[in-house]
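Please read it alongside the sequence and the model shown below.

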Amino acid sequence: MKEKSTCQFGAELEHYVVHKMLEIGIQASKTKGSGNQGQIADINNPYFIVECKNKSTESITIDAKVWAKLKSEIPLHSKRLPMYVLRNKSKHTWCVMDAEDMFIILKGWLENLNGRV
C-alpha cells in the first residue's frame with residue numbers, strides 16, 4: 001500500500017475542518033497552496049484564520065512559533081480570530097484558541113441559548 005504524501009496527510013484535516021464549518025453554515029474553503037504562495041493560513045472563512053497541523057504522533061504540542069505566525073497574519077482591523085487545529089495519529093482533533101476569544105464566543109452562545117425560552 002502506498003504511503004500518503006505530507007500534502008495528502010495534511011489535506012485530510014483541512015477537508016475535515018472545511019466540511020464541519022460548511023455543516024454549521026460557515027462559508028469555508030481551503031486556501032490555494034494551503035497557506036503557501038502568499039495565502040494566509042490553511043482555511044479561508046469570514047470568522048477565523050485557521051492553521052491545520054495533522055501529526056503522525058499520538059502526542060500533540062502547540063508550537064508557539066506557529067501560533068505567533070498565525071496571529072501575525074491577521075490583517076489590521078480584522079475581526080477574524082486565530083484558530084489552530086491539530087490532529088494526532090489516532091485522528092483525535094483539537095481546536096486551540098486564545099482563552100479570551102473562546103470566552104467571547106461562549107458568552108454569545110450562552111446569550112443566544114438563554115434567549116430561546
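## Accessibility and the loop residues

A residue is called buried under 20% relative accessible area, exposed over 50%, and partly exposed in between. The model under discussion is predicted. Lys91 has a relative accessibility of 48% and therefore counts as partly exposed. Lys91 is located in the loop that joins S4 to strand S5 (93–96). Although Lys91 is not a glycine, its phi is positive, at about 70 degrees.

His77, which is not a glycine, has a positive phi of about 65 degrees.

## Surroundings of Gln39

Gln39 is found in the loop between strand S1 (29–30) and strand S2 (43–44). Its relative accessible area of 33% lies between the limits of 20% and 50%, so Gln39 is partly exposed. When neighbours within four places in sequence are left aside, Gln39 is in contact with Thr31 and Lys32.

A separation involving a residue elsewhere in the chain can also be given. Gln39 and Glu73 are 34 residues apart along the chain, and 9.6 Å separates their C-alpha atoms.

In soluble globular proteins, nonpolar side chains tend to be buried together. The largest nonpolar core in this model has 13 residues, of which Val17, Met21, Ile43, Val50, Cys52 and Val85 touch the most other members. At least two residues of this core come from each of helix H1 (6–23), strand S3 (48–54) and strand S4 (81–87). The largest contribution is that of H1, with 4 residues.

Which residues does Met21 contact, apart from its neighbours within four places in sequence? Met21 is in contact with Ile26, Ala28, Ile43, Asn45, Phe48, Val50 and Met83. Ile43 and Val50 are also named, with Met21, among the residues of the largest core that touch the most other members.

## Aromatic rings and charge

An aromatic pair is described by the distance of the ring centres and the angle of the planes. The model contains 1 aromatic pair when the centres are required to lie within 6.5 Å.

A charge is also placed over a ring in this model: the charged end of Arg87 sits over the ring of Tyr16, at 4.6 Å from the ring centre.

Notes
Residues numbered from 1 in each chain as written. Predicted model: local features only at pLDDT ≥ 70, side-chain atom pairs only at ≥ 80, totals over all residues. Heavy atoms only, no water. Phe/Tyr/Trp six-rings, centres within 6.5 Å; stacked < 30°, edge-to-face > 60°. Lys NZ or Arg CZ within 6 Å of the ring centre and 35° of its normal. Core = buried A, V, L, I, M, F, W, Y, C linked by side-chain atoms within 4.5 Å. Buried < 20%, exposed > 50% of the residue type's maximum accessible area, 1.4 Å probe, protein only. Contact = heavy atoms within 4.5 Å.
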